[in-house]
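Dear colleague,

Please find the structure below, with the sequence. My notes on helix packing, strand pairing and some individual residues follow.

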Amino acid sequence: MTLEEIKATLRRYPKLVGLGGVGILTTAGLLLYESPHIRKFLAHYVDKKSPEPDKRRTEYIYIKYHIYRESMRKLKQKEEDEKKWISVIINPIGKWWKSAKHSVAWRLLNIAQNGTQPERLKAVQQLISMDHLKDWDFRHLAQICDARTAVSLARCGADTRWFLPVHRRGCIKNPKMLLSELHVMLSRLRPLSCVDHFFSKYFPEQDAIEDIHEYFTQEQPIILSSADTDLLKEIISFLHHITKDPNISAKIIREGGLVHLMELRKIFCDDNETLSTLCKVLANMSIVPDVVEHFFASGWVGALAEWQQCPDLRLQVVSAKAMANLDHDDPNQSTYPPNVYPLHPRVRTRRKPKADIIFVHGLLGGVFITWRQRDRKPTELGLYGKNAFYTSETDDVFLVGEQKRTNGANGGKQPKKDHQQLKQTQNTAPNGNENAQTAKVEPIRDPVLKASKKVEKKRLNISDAATKEFVETLRNEAELDADWEVVHPDIPLNANENCGGMFSVSGNEWRNQDGSDEYTNCWPMEWLPEDYPDSRIIGIDYTSAVTEWSANFTKYCPCEKGQGHIDVRASTLLERIAAADVGNNRPVIWIGHSMGGLLTKLMLLKSIDSPESKMRQIAKNTKGIVFLGTPHRGSPIAKWKQHMQMILSPSIEVKEMEENAPKLLEMHRRFMGCLHSCLRHVKVVSVAEGSPTMLTTFKFPLRIVTEESSRIDFGDFYLLKDDHLSLSKPIYRQSFLYQRLLNVIQEAIRERSEPKDKDDQSLTNPQQDLMLMHIVNSILNGAKGLFELMPRVALKFTT
């Protein structure tokens, strides 16, 4: 067919031409649209061969001539230096020394893994002192390190490079999928009343999730609504509640709970408050036997080691508690159950502690609120305020304070740095449908409870040695001479007769700290270790409330209803303190503020009556008690029950502290009897408040504990000018309150070192004393009957 014939045919059928053009364009468009899929399909059948080297395009890097000339000159100079006889001798020695230093680390690690316990302890100390290793050395050593050695390195404050990074460190698990897995894990704990109550009230059944990404990278937006965030926090708080039972903790670990907790750590990486509660869950789990391998395999040993060195004091203390429970290779190892926290030492020590110092806070208190340094602004007490560090409303928490403080240098203000917040871009419904609405949440401003920073003196840039020495002498010279006598700023307003304690200090020993920027959120943790480094300092923490509205004992389980009673709380705390091996051949000193003093008295009475030797040794070795504003005969604050019960609804703790309550008076009578008998050698110091406390709710002053209720007829008694909240907060180290406490500790340690009389060697049980009295009475009655019978026998013989 010729071209003319084709043209004639096309003119005869014009519609065919139009349809053919449209078909061709459509086919071309489809091929272009489906080109990626076509390439992928053809890639399975096409052999991809790399291009040959000679066919690749040659690329050059052009450098300037003067740079090339300088580099060649240095290379030539290096070759000439190596030919010298000194380099010939030194270079092999340097290479040998470098290889020897690296081989030492591997040998020490082998000893730390396979040696005897003394050899392991020495090897770990040598490993943490090695600072010449490179990053690749640490990574190689971390890969061959075992669980026991990793815990030992973490307990000794080793470099965090000794631990492998967390699995999938840069990825975060989808919160929806994590919630579903947590629901499955908790449902396997059934039948359990706590789980049933929590599911019915907070955690409904999670729908099946399909067609979603399992992990997100740091660059991808995280799907996390505010409801999911709150639910995850509630789950962490609930885990902290149920993991107090070691059996439940063991089940959660077997179900892979540590892996889920690691994902929660990634989600709340910038929320120190939630991380502290999460760390408490780990501390509860660390008591389970043979759990070290699970912590090591899930990466928690390295994470806890990082928290031990973080600036936040809450994470430092709780992570140190978890690591102490895991460190079974420590010769001075102690177990710290819930409510018991080691403030010092938080790392391994070579020597055993010489004394146990226990701090028990009072109503609405906590370790980082009751025992912080006094603020220059007047403190106030809130009636309805939650225990700070309480957004998750856990049962056993550290408390940040009425005003969340970061450090003394910023005057207690909120930090300006905004922590990063997870991006909330989409709100995914349980059925998998996505809403276009975005959840906008302001960034979390979680304060960091930092340790106090010592103000370092500026170095003198003086070249002349004599002048520099003269200036340093002037700088270190005391502000006052020894002829001066400086009275403590918190000197007591009144005291009983024959009381002890120093009320002043000589001028050459006085250090003026009025203008100092140092501030501590926990003075027992930062001040006492410098004065008594060989002591063990323990903080007791529990939850309390003034009103039923702020009480949270029954939030997660009805079984917590009776935990507010002082008798139940004292029994629980005594068991856990005894588990921490308190009073084992060393003196015990108690410091109790407000209701903490009542708990101290009741725990000592229960310890005396206990049949277990581990509990009796606590009262036996108690050498000092400091009562700070303790209501021995009740408090007027409990009168709210009568006058304002409908408004305030007092809590169980407040109801039990009514003035002249029968239970309090009976407990005080028994305690005074023990002070005059089995506890007669205990040094007792009582401190009362001399100023009313300002209430934030109604803005009126109230005397929480009266002088008559704080006074006991034993030991020393002081009336300070401070209010109730300030009794536990010394203004600085050279205050009367702190120095008097140091005096009590010093007397207790000195009494331990001095030989005792034979009649004071042991503390007898009152039941044993009663039995002994019955035996003596029986012997005397028998002797009386014998003497009455002797005249009759003599008369019989004579007749």
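In these notes, buried means under 20% relative accessible area, exposed means over 50%, and partly exposed lies in between, with a 1.4 Å probe and protein chains only. Helices (H or I, at least four residues) and strands (E, at least two) are DSSP runs, numbered from the N terminus.

This is a predicted model, in which local features need pLDDT of at least 70 and side-chain atom pairs count only at pLDDT 80 or more, while totals for chains, interfaces and linings use all residues. Residues are numbered from 1 along each chain as its sequence is written, and side-chain values use heavy atoms, with hydrogens and water left out.

**Helix packing**

Two packed helices are described by the angle between their axes and the distance between the axes. Here the axes are lines fitted to C-alpha atoms, for helices over the stretch in contact, and angles run from 0 to 180 degrees between N-to-C directions. Angles under 35 degrees count as roughly parallel, over 145 as roughly antiparallel, 65 to 115 as roughly perpendicular and the rest as oblique. A crossing is left-handed if the near helix is turned anticlockwise from the far one by less than a right angle, and right-handed if clockwise. Contact means heavy atoms within 4.5 Å. For residue classes, Ala, Val, Leu, Ile, Met, Phe, Trp, Tyr, Cys and Pro count as nonpolar, Asp, Glu, Lys and Arg as charged, and the others, Gly among them, as polar.

Helix H13 (residues 257-267) is mostly covered, with 10 of its 11 residues buried. Among them are Gly257, His260, Glu263 and Lys266. The axes of H13 and helix H14 (residues 272-285) come within 10 Å and cross at roughly 165 degrees, so H13 is roughly antiparallel to H14. Their crossing is left-handed. On the H13 side, Leu258, Leu261, Leu264 and Arg265 take part, and they meet Leu275, Leu278, Val281, Leu282 and Met285 of H14. By class, this contact holds eight nonpolar residues, no polar ones and one charged.

Helix H6 (residues 117-128) and helix H8 (residues 147-155) have axes that come within 10 Å and cross at roughly 60 degrees, which means that H6 is oblique to H8. H6 passes H8 in a right-handed crossing. Arg120, Val124, Leu127 and Ile128 of H6 form the contact with Arg148, Ser152 and Leu153 of H8. Four of these residues are nonpolar, one is polar and two are charged.

For helix H22 (residues 566-579) and helix H23 (residues 595-609), the axes come within 9 Å and cross at roughly 65 degrees, so H22 is roughly perpendicular to H23. This crossing is right-handed. The residues that meet include Ala570, Leu573, Leu574 and Ile577 in H22 and Leu598, Leu602 and Met603 in H23. The contact of H22 with H23 divides into 10 nonpolar, two polar and three charged residues.

Methionine 603, in helix H23, is buried at 1% relative accessibility. Not counting residues up to four places away in sequence, methionine 603 touches Ala570, Leu573, Leu574, Ile577 and Trp590. Methionine 603 and aspartate 567 are 36 residues apart in sequence and 8.8 Å apart in space, C-alpha to C-alpha.

**Strand pairing**

Two strands pair if DSSP finds at least two bridges between them. Strand E13 (residues 622-628) is mostly covered, with seven of its seven residues buried. E13 pairs in the parallel sense with strand E12 (residues 588-593) over six bridges, and valine 626 in E13 is the bridge partner of isoleucine 591. E13 also pairs in the parallel sense with strand E14 (residues 683-688), over five bridges; glycine 624 stands opposite lysine 683 in E14.

Threonine 630 lies in the loop between E13 and helix H25 (640-643) and is buried, with a relative accessible area of 1%. Leaving aside neighbours within four places in sequence, the contacts of threonine 630 include Ser594, Leu598 and Val705.

**Backbone geometry**

Most residues other than glycine have a negative phi, and most peptide bonds are trans. Serine 594, in the loop between E12 and H23, has a positive phi near 60 degrees and is buried at 7% relative accessibility. Asparagine 660 has a positive phi near 55 degrees and is exposed, with a relative accessible area of 52%. Cis peptide bonds join arginine 190 to proline 191, with omega about 0 degrees, and histidine 344 to proline 345, with omega about -5 degrees.

Kind regards
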